[in-house]
Each structure stands twice: as C-alpha cells, then as structure tokens.
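Q: I would like to learn how to read a few features of a model, step by step. Could we take them one at a time?

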Amino acid sequence: MKIQALGGCCKKSMQNYQNTMDAAKECGIEESVEQISDTNEILKLGVMATPGLVIDGKVVSSGKLLSVGQIVELINKHKA
Amino acid sequence: MSDVLGFITNEILAMKWLNRLVGELLNFLFGSEFAGGKWGLSLQFFIYDFIKIGILLCVLIFIVSYIQSFFPPERTKKILGKFKGVRANTIGALLGTLTPFCSCSSIPIFIGFTRAGLSSGVTFSFLISSPLVDLGALILLASIFGFEVAIAYVIVGLVLAVLGGSIIEVSGLGNYIEGFVFDGANVDLEVESLTTKERMTYALDQVKDTYKKVFWYIVIGVGFGSLIHNWIPGAWIESVLGKDNPFSVLIAVLVGAPIYADIFGTIPIAEALFNKGAGLGTILAFMMSVTTLSIPSLIMLKRVVKTKLLVWFIVIVMIGIIIIGYLFNFIGYIFI
C-alpha cells in the first residue's frame, strides 16, 4: 500500500502528515507513507486545496485536516 | 417592520444591550468617575467590542463554513467550466465568496483554474471577490452600518470583481502568466459528498481554527478602535478622513493596501472611525484595500503571473476601490 500526504506549506498540512504517520504506525505500515509538497505534483492528482490524502493513487480526502482515527479508518476501508 | 429590523440591527447584531451592561458593570465596580472618564470609556468599548465580535465571529463562521462545505475548489472549478463570458465572471465572483481556501491554496487554485481552460478573467474575478466579499463580513457590516450598507457593499464588491476580471481579460493582460502554469494536464476529481454530520464537524473545526487565527487581529483591531474612539479628537479624524476632504478616500486606500488584516480585525477600526465622523465611502475603501491588497498575497501571486500583470492587477483594484469610496461618500446619505 502507498500512502501520500499532500501539502507542505501550512501548519495544517504538516499536522496532517504527522497524523498520517501516526495512523500508519498504528496499522504497522509506516514505511509506506510519503509527503508530497510540490504544488505541481499535488495538482496532477486533481487536488487544489491541501491538506490532502491519497491511498494507492486514489484521492480519499482534500482540503481538510484528518485525525489519526479518521486516517486509520480510511486505511482499513481501503484494505477491505 | 422597520422597528423589527431596527431591533435586529441594534440589539441582536450590534448587541447594544451588552454595551449598556458593560457600562453598568464598570460603573458598579469602579464608580462613575472612572467609568465616565476616558479610560473607563475606552475599557468599555474594548470589552464590549471584543465580546461582540467574538460571538458574531463564532456564529457566522459556523454558518458560512457549513455553506462553504458544499463548494470545495475542485467542484467550483467544474461548475465554472460550464459558463462563458460575463456570466462566467459573475459566477466566478459569486463562487469566490463561497469557496473556502487558505492563502497557501490560492496558487494551486490559480493553476488549477488555468489548466482547466477557465479564462484569466474568470480566475481574477474569483481571486478579487474571495477576500473582498465575505458572508461573515456582510453580517458584521450590517451590525454597524445597517443592512442597506452591508448589501450595497456586497453588490459593489461583486461588481468590482466582475469588472476587474473582465478588464484583465479583454485588455490582453491576462496572457502575462508564467509559462509553467500551463505545463500540465487538467485533472478532474470526483468530489465525495459529505453527510450533514461531517459538514457540522467541518464547520465547528473552522470556527476553532479561525478564532485561533484571527484572535490577535481582533485584539489589535479592537485596541486601535477604542483608542480612536476615546483619545483621538473627532475634528482631527473628520478633517483627514471626513467626506469633505477630497483626498480622504485616496489616503485610506494607500494606507490600507500594504496592511494585512483579517476583515474581522478591520471592522472595529472602521466602526470607531465612522463614529468619529469619517466618511462612509472612505471607511469602506479602507476595509476593501486592507483585505484585498496585501503584501503576502501579492508575493504569492507574483509566483504565477508576470510583473506587468501584477502591477496592473494592483492598479485596477485600487482604482476600483477609490471609485467605490467616492461613490459612497457622495450617495452615502441615502443609506444612513
């Protein structure tokens, strides 16, 4: 599984990345998380408002900060 | 009917009862000599305005964010793609007020719109209206100046956004965009629809975030407001910013442009200036100038547009605001 946390310019995006790391750790897949802060890369995914979250190439959230619990839920939903 | 509107404006939106309550409380605690003096009145204004703006801000941001949750930028982009010409500019200006984004998203939005084939005019109409016309500001303005002024502010704000965007497009200035903006495909995203509960949570989070973010702007704004309210002589303000001074609007716009403040921090200053005899148009011009043109947002914009377009953007917006200012100074008596 590949998890991408989008955004790196504002505090919210940094927090979202941190929460994604924590959630991945909980699921035991922390090595699969990467942060994308390049505007162009983010736009290529169709996201215009950060923070965003992408799991295996699919945008699952954009424009909002997710809690650790929410991200864990999204990861599990994707696994199933 | 006008009694009802007056009651809503004075007691619910302006919370005049709170002002009286704070006044009584200060009187009770420190005696009438202090409460009636300059320091006492300054303190009264500060406490009253701080609480009032805090309450209004929380209620308003909640309502506004709830509405905004229906218009993420990805969906706005799709909606705008369906319109052409002035209609597109108008809808761009309207959606500018409804689409939520923080300043660091303005660049992705600019690029996203451009790649989706939206015209430069629509994009600029969107960018001008979004800081300028704000649903929350509408209600706050109504609480100070009444509904007529608030609605007039929104209408002229939208007209400025539509005209500004159109001028940039028609004059060809809109072509001065950095090349890399075009180097990429447009990607449309399927926007998931939210449940009511998710929208509520989103709105509540926005309230918390915004309050934290603008807290100091409000403190400083209200502080300046109470200073103006009680310490700066009215005659002095009237001679500089009163509607009889032909340069008042110009001064207000030039002073306001480099300042960056949230609209919620600007309003207490506007309120105090207005009570001291500054012209209505001058005050509106000051508020528009502070919120629309600011150095941080211009630096952001510089990354995607060429200098020529940036300079013209500033000039067009400034001229528009100045015209609006003079217009309101001339016809302001209709509203108040």
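Q: How far apart do the end C-alpha atoms of residues 214–237 of chain B lie, and what percentage of the span is helix?

A: Bear in mind that this is a predicted model. The end C-alpha atoms of residues 214–237 of chain B lie 27 Å apart, and the span is 88% helix with 0% strand. The unreviewed UniProt entry annotates this stretch as "transmembrane region", and its list for chain B also includes 249–270 and 282–301. For residues 282–301 of chain B, the end C-alpha atoms lie 27 Å apart, with 90% helix and 0% strand.

Q: At what angle do helix 10 of chain B and helix 13 of chain B pack?

A: Their angle is about 5°, with the axes 7 Å apart. Because angles under 35 degrees count as roughly parallel, helix 10 and helix 13 of chain B are therefore described as roughly parallel to each other. Among the residues that meet are B:Tyr217, B:Gly221 and B:Phe224 from helix 10 of chain B, and B:Phe264, B:Ile269 and B:Leu273 from helix 13 of chain B. By class, this contact has 10 nonpolar, 5 polar and no charged residues.

Technical notes
Residues numbered from 1 in each chain as written. Chains lettered and ligands numbered in written order. Predicted model: local features only at pLDDT ≥ 70, side-chain atom pairs only at ≥ 80, totals over all residues. Heavy atoms only, no water. Axes fitted to C-alpha atoms, helices over the stretch in contact; angles between N-to-C directions. Helix = DSSP H or I, 4+ residues; strand = E, 2+ residues; numbered from the N terminus. Parallel < 35°, antiparallel > 145°, perpendicular 65-115°, else oblique. Contact = heavy atoms within 4.5 Å. Nonpolar A, V, L, I, M, F, W, Y, C, P; charged D, E, K, R; others polar. UniProt positions renumbered as here; feature names shortened; annotations may be inferred.
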